[in-house]
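Open the model in your viewer and keep the selection tool ready.

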Amino acid sequence: FDLRGGLPEVVHGENFYKNHIVLIGCDSLGQIILEEISKFDKPLIVIDENPSIINYISHHGITCVFGDIEDEEILDHVNIKESELIISTITYNKEKINLLKFLKTHNSKAITFFVAHNIQKAKELREVGADFILLAKSILGNYITDILDQIYEHTDHRSSRNYHQFKHDKNDFRFKFAEEVIKENVKKVEEIKERFYRSSDL
């Protein structure tokens, strides 16, 4: 099984990939995303550095490439500059920042959807032009909070004393930044929907 050689006939043949979705990183979070985007009527390519993940995904009929997005050969290999949507769940910001610079250099119109693992990384991605930024820890924290609220909703275990003790933390710059990012994401969704509607009318 040739991990790197699985795509040339697809990229350079009659099924040349264009206006496709590229998912970078397919660990547990990536696989949840993969399950959803597989429902779309769009060509899809997964890039990952883990041979086990590549092997698993390929056996489920998903086109995938083993490699590092720091390698421009890989980016050309999947024709990333002409993709419609790029989703990245990988941890290292340097790779994502370099990818955004690569896309900008090639005047790519791809929508970029990146997971950031902390506030600083989210800021860096925003500065270089990522369209959508998801703060992984904020999402997880909100999910846990929702579950706890449901568990204790009808009990007397809530403490107004503790609530007021931590309430001021909502003014912390991290909360403010996370709210800012969410608002930007919502606004960007509307802009992209409008762009898609316009192109479908042509």
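A disulfide is a pair of cysteine sulfur atoms within 2.5 Å. By this rule the count here is 0. This is a predicted model, in which local features need pLDDT of at least 70, side-chain atom pairs count only at pLDDT 80 or more, and totals for chains, interfaces and linings use all residues. Residues are numbered from 1 along each chain as its sequence is written, and side-chain values use heavy atoms, with hydrogens and water left out.

Cys26 counts as buried because its relative accessibility is 0%. Cys64 counts as buried too, at 9%.

Next, select residues 111-116, strand β5. Helices (H or I, at least four residues) and strands (E, at least two) are DSSP runs, numbered from the N terminus. Of the 6 residues in β5, 5 are buried.

Two strands pair if DSSP finds at least two bridges between them. Find Ile87 opposite Phe113.

Then show β6, residues 132-135. β6 runs parallel to β5, joined by 4 bridges. Here Val115 stands opposite Leu134.

Finish with the helix α6, residues 119-127. Together, β5, α6 and β6 make a right-handed β-α-β unit: with the strands pointing away from the viewer, the path from the first strand over the helix to the second runs clockwise.

Definitions and conventions
Buried < 20%, exposed > 50% of the residue type's maximum accessible area, 1.4 Å probe, protein only.
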